[in-house]
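Please look through the sequence and the model shown here, keeping an eye on how the domains and the pockets relate to one another.

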Amino acid sequence: MDALYLRRAMNKVIAGFILYFSFCADAFPQSVTFSEHVAPIVLTHCAPCHRPDGTAPFSLLSYKDVAKRASFVQHVTETRFMPPWKANPHYSTFANEKLLSDDEIKTIKDWVQSGTPAGPTEAMPTLPEFASNAQLKQKPDLVLTMREPFVIKGNNEETYICYKIPYELHSDMDAKAIEFIPGNRKVVHHVSYQILGVADEVDLYNSPDYFIFEDEDYIDDAHDYGFFKLYSADGKPPVETYHDGWLPGTSPHIYPEGVGFKVPKKGVFLIRNLHYGPSPIEQSDQSSIHIYFSEKPVERTILFSTFRPNGIDLTQDNIISADTVVKYHMNIKLNNDLSLLNINPHMHLLGKYFKSYAVLPTGDTLRLIEIKEWDFNWQEFYRFKKMLKIPKGSTIYAEAIFDNTRDNPNNPQNPPAPVYFERGMEDKDEMMRLTFLYLPYRNGDEDIDLENMWEKTLFK
Ligand code: HEC
């Protein structure tokens, strides 16, 4: 026997083994247990929300928690209803993706089908620490909290407030992350906020903490800055260094080293619009913001741009008629190279479908995002895995479908009635917005990793 023959013979044996074992594995599933196989999946992918104080209605921490809902858990994972992630992963992928792999889904299924065995106790992973409501595990450098809890009346009505949280630091700071922490997730519905620097002479405490929006009120800089007395002695408005938002499901905003925003020495964290959903009983909320300072100076300030559909004239009332399904389009031509970090599609309850892509000067299409079943309850600032270069001369397209018929189970009006477009109150109107977080392009940006940065979150 020569060496070559021997090797061929060995290869045959190995191939035989592989064949034999894979056949065995299919016919007699290896015993899948909770402590050994299922707990690591559930504790990483479900428990960050399914725990006491989490966003979800029940905990998925112990064997008992999961075993008593076993077939339900199998169903929601197989249908990919949970963990919630609305972007189509076959269209484009993201750094903050919350998805189970096909193998993980199968592990859960095998476990349920083999009668939910508990497995050896000593194999049970230690429970992660969920000390706070924050998704970011690192300790924040600055925590700003509403001075007093705001009381939401138990009258089943929507409430919108504008709330001021003043702060003073030793010097201007550079920040690399920010996370809004809703105080009471049962009622906090959405938030948009700003960081505003003020002049030295401004007295930050000489105005009420908040005002409540009346029916026809809308966000108005002159009114709001005047109300909180934020103008300088010579009449200059405060300077915005950052604006952002929180919606159910959104991840914290995290930037790579050297990218971020300024937190001026003296200013306010101004919650421009805090929407509380209706509640039949009195509730209270005291929300906070966590800010993470950057060790490296932030030399690239993150930019936000929000776009709305073509042909929308905000001086006119734009209406989606009752009993219609309509499609809106937008296109944005780029005059400069840019690096895209995050993308955030936004619609309200009539929204059904959203897609965005760029057509490059070469004629190639660059897919950005597709959401096949829009769900108002799960929105996200989708973060690309690496900075995405979109070259000058490209056009970014987006399309969105709205269903104002009875067939839309989320339609807030039954029978359907005309709905205004772009009036800003989510229970009464509709919106199509596409927000980009971006930077002017620099050489090498496409290699900057946005998936494995400095952060540690509950999900990894
Ligand atoms: C980002 C937070 C989050 C994550 C991660 C998450 N869930 Fe949920 N889950 C929720 C919320 C919130 C609800 C309630 C949704 C509702 O009432 O519409 C929910 C509901 C459920 C339900 C009930 C569904 C129903 O129709 O009532 C099941 C079962 C469930 N989750 C299982 C899981 C499992 C299993 C995982 C992990 C594989 C998981 N969830 C991950 C937030 C989350």
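Predicted model: local features only at pLDDT ≥ 70, side-chain atom pairs only at ≥ 80, totals over all residues.

Residues are numbered from 1 along each chain as its sequence is written, and side-chain values use heavy atoms, with hydrogens and water left out.

The domain assignment, whose bounds come from an automatic or database source, gives domain 1 (31-123), domain 2 (142-298) and domain 3 (304-447). Taken over C-alpha atoms, the centres of domain 1 and domain 2 are 35 Å apart.

The largest pocket has a volume of about 1100 Å³. Of the 38 residues that line this pocket, Ser192, Ile219, Thr306, Met431 and Arg433 are the closest to its centre. (A pocket is an open set of points on a 1 Å grid over the protein atoms alone, where a 1.4 Å probe fits and protein lies on both sides within 12 Å along at least five of seven lines; lining residues have an atom within 4 Å of a point. Points are joined across faces, edges and corners, and the volume is the space filled by probe spheres set on them.) Among the elements that give two or more residues to this lining are β5 (188-197), β7 (239-246) and β24 (432-440), strands being DSSP runs of E of at least two residues and helices runs of H or I of at least four, numbered from the N terminus. Domain 2 and domain 3 each contribute at least three residues to the lining of the largest pocket, which divides into 13 nonpolar, 15 polar and 10 charged residues.

The second largest pocket holds about 920 Å³ of space and is lined by 49 residues, with Cys49, Thr55, Ala56, Pro84 and Trp378 nearest its centre. Here the lining draws at least three residues from each of domain 1 and domain 2, and its largest share, 4 residues, comes from α4.

Finally, β15, β22 and β23 form, in that order, an open sheet of 3 strands with mixed pairing, where two strands pair if DSSP finds at least two bridges between them. Because β15 (318-320) and β23 (429-430) stand at the edges with a single partner strand each, one side of each is left without a neighbour in the sheet. β22 and β23 pair in the parallel sense over 2 bridges, and tyrosine 420 has aspartate 429 in β23 as its bridge partner.

How values were computed: Nonpolar A, V, L, I, M, F, W, Y, C, P; charged D, E, K, R; others polar.
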